[in-house]
Amino acid sequence: MTISLPGSSKKGLSGLFGRKKTEVTKPVSKKQLNARQLAGLFDSNVKAGNRAKPAKLNETEIEDRAQLSSLRGALYSKD
């Protein structure tokens, strides 16, 4: 005797016990706040920040990065 469970057989048990997809809701307000405006609601000292530009690595940082990569490779090697 077999028992038929509801849901797709492709999903397996996750289809049976998983969360159901809810309907897509639209935002209530027409104009959404950006991150700086939202932070300003909680802290009045928020400044308009400039994005930091990534700098190039200097020689010691490049050597350290290479050394860490080789150590990481040795750690995960099968030998």
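Modeller: A residue is called buried when its relative accessible area is under 20%, exposed when it is over 50%, and partly exposed in between. Leu38 has a relative accessible area of 43%, so Leu38 counts as partly exposed. Bear in mind that this is a predicted model.

Leu38 lies in helix 2, which covers residues 35-42. On the surface, Leu38 belongs to a nonpolar patch together with Leu33, Leu41 and Phe42. The accessible area of these four residues together is about 480 Å².

Lys47 has a relative accessible area of 71%, which is over 50%, so Lys47 is exposed. Between Lys47 and Arg36 there are 8.0 Å from C-alpha to C-alpha, with the two residues 11 apart in sequence.

Helix 3 spans residues 59-76 and includes Asp64. Asp64 is partly exposed, because its relative accessible area is 43%. A patch of negative charge gathers on the surface here, made of Glu59, Glu61, Glu63 and Asp64.

Now the chain as a whole. The protein chain has three helices and zero strands, and the order from the N terminus is α-α-α. Of its 79 residues, 1% count as buried. The chain exposes about 8800 Å², and carbon and sulfur atoms supply 56% of that area.

Last, the confidence. The average pLDDT of the protein chain is 77, and 67% of the residues score at least 70. Helix 3 has the highest confidence, at 89, while helix 1 (residues 13-17) has the lowest, at a mean of 63. Where pLDDT is low, predicted coordinates should not be read in detail.

Note on methods: Residues are numbered from 1 along each chain as its sequence is written. This is a predicted model: local features need pLDDT of at least 70, side-chain atom pairs count only at pLDDT 80 or more; totals for chains, interfaces and linings use all residues. Side-chain values use heavy atoms; hydrogens and water are left out. Helices (H or I, at least four residues) and strands (E, at least two) are DSSP runs, numbered from the N terminus. Buried means under 20% relative accessible area, exposed over 50%, partly exposed in between (1.4 Å probe, protein chains only). Accessible areas come from the Shrake-Rupley method with a 1.4 Å probe; for residues, only the protein chains shown count as cover. Patches are made of residues with over 30% relative accessible area and no salt bridge: like charges are joined within 9 Å, nonpolar side chains (Val, Leu, Ile, Met, Phe, Trp, Tyr) within 5 Å. A salt bridge is a side-chain nitrogen of Lys or Arg within 4 Å of a carboxyl oxygen of Asp or Glu. Lys and Arg count as positive and Asp and Glu as negative; His and the chain ends are not counted. The place of a charge is taken as NZ of Lys, CZ of Arg, CG of Asp or CD of Glu. pLDDT is the predictor's confidence in each residue, from 0 to 100.
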